[in-house]
Amino acid sequence: MRKPVIVGNWKMNMTVSEAEKLLEEIKNLDLDENVEAGVCTPAIDLVIAKEKLAGTNVAFGAQNMYYEESGAYTGEISPLMLIDIGARYVILGHSERREYFKECDCLINKKVKSALAHDLVPILCCGETLEEREANEHEVKVKSQIEKDLKDVSAEDIEKVIIAYEPIWAIGTGKTASSDDADAMCGYIRSLIADMFGKEASEKVRIQYGGSVKPNNVVELMAKENIDGALVGGASLKASDFAALVNFAK
Ligand code: PEP
C-alpha cells in the first residue's frame with residue numbers, strides 16, 4: 001500500500017515575510033494524517049519552514065541542490081545544508097530547471113544519487129513537451145529521462161525516490177492531462193521501474209502527477225491506480241487550497 005504524497009512546489013514565490021504568513025496558516029490546518037504532505041520552498045525560506053512546521057505533519061524541502069557537499073560552487077545549496085536544516089525532500093530535474101538552467105540528465109543523475117546518499121527524498125520530475133506529445137513521442141522521452149536520471153541507483157534506494165510525471169504543457173497552464181492519460185503515463189513509468197529495478201520495487205515507488213492540479217480535479221486524479229500523489233505549483237500557494245488537496249480523501 002503506497003501512502004499518498006502531496007507536495008507543494010512554491011517555485012520562485014514567497015519572500016521570507018510572505019512565507020512566514022503562509023506557513024503560519026499551513027501550521028494551523030487540519031490535515032489528513034493518512035496523507036504525506038510537504039512544501040518545497042525557495043532556499044531562503046527553509047529556516048522559517050523549519051521553525052513554523054516543527055511539530056506538524058507537514059514536511060519541507062528544497063527545489064534544487066548541487067551534488068557536492070561543500071566548496072567553490074557559488075550560488076548553490078548542498079545536501080549537507082539541506083539535511084542540517086531538517087529538509088525531507090529535494091525536487092530534482094523540474095522541467096523549469098531543465099529548460100531555463102539547461103540541466104541535463106547526466107547532472108540530474110548525480111544530484112539524485114547525492115540526495116539518496118544523504119537520506120534526502122528526491123522528487124524526480126520527468127515529462128514531455130506538447131510537441132513530443134503530439135508526435136506521440138511522450139513515452140520515448142520519459143523513458144530516456146527515467147533511464148538516464150536513475151542510472152546506477154540501487155534497487156534498495158529506488159523505493160525512497162518519488163517520481164513526478166509532469167507533462168510540460170500542463171504546468172502552470174491550467175490544462176490538466178486527463179486522469180486517464182496521467183494514469184497511463186504513471187503506469188508506464190512504473191513498468192520502466194519494474195524493468196530497471198524489479199517488480200517488487202516498482203510496486204513500492206510512489207509516482208505523482210503534476211500539472212495544474214487543483215482542489216477541483218485532485219479527487220479524480222487520486223482515484224487512479226497508478227497516481228500516488230501530486231506535485232502542485234500554483235494551488236500550493238494558498239493554504240485553503242493546499243488543505244483541500246491534502247484532504248482529497250476526506
Ligand atoms: C509544478 O510546479 O511542478 C507544477 C505542477 O505547477 P502547477 O501546479 O502550477 O501546474
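Analyst: Hello! Let's begin with a term: a residue is near a molecule or strand if one of its heavy atoms lies within 4 Å of it. This is a predicted model, where local features need pLDDT of at least 70 and side-chain atom pairs count only at pLDDT 80 or more, while totals for chains, interfaces and linings use all residues. Residues are numbered from 1 along each chain as its sequence is written, and side-chain values use heavy atoms, leaving out hydrogens and water.

User: Which residues are closest to the ligand?

Analyst: Around the ligand there are 14 residues. The closest are Lys11, Glu166, Gly172, Ser212 and Gly233.

User: What percentage of the ligand's area does the protein bury?

Analyst: A polar side-chain atom of glutamate 166 lies 2.7 Å from a ligand oxygen, and a polar backbone atom of serine 212 is 2.8 Å from an oxygen atom of the ligand. Accessible areas come from the Shrake-Rupley method with a 1.4 Å probe; for residues, only the protein chains shown count as cover. Taken alone, the ligand exposes 300 Å². The part of this that the protein buries is 97%.

User: Is arginine 206 buried or exposed?

Analyst: Arginine 206 belongs to strand 7 (residues 206-210); helices (H or I, at least four residues) and strands (E, at least two) are DSSP runs, numbered from the N terminus. Buried means under 20% relative accessible area, exposed over 50%, and partly exposed in between (1.4 Å probe, protein chains only). Arginine 206 has a relative accessible area of 13%, so this residue is buried.

User: Where do the buried residues of helix 12 fall, seen down its axis?

Analyst: Helix 12 (residues 239-246) buries Ala239, Phe242, Ala243, Leu245 and Val246. An α-helix has 3.6 residues a turn, so residues three or four places apart point the same way. The arc is that of the directions from the helix axis to the C-beta atoms. The buried residues of helix 12 line one face of the helix, because they fall within an arc of 160°.

User: How far is leucine 237 from leucine 22 in space, C-alpha to C-alpha?

Analyst: Leucine 237 sits in the loop between strand 8 and helix 12. Leaving aside neighbours within four places in sequence, leucine 237 is in contact (heavy atoms within 4.5 Å) with Trp10, Asn13, Met14 and Leu22. Although leucine 237 and leucine 22 are 215 residues apart in sequence, their C-alpha atoms are separated by 7.6 Å.

Notes. Polar contact = N/O pair within 3.5 Å; in protein donor to acceptor, adjacent residues only side chain to side chain.
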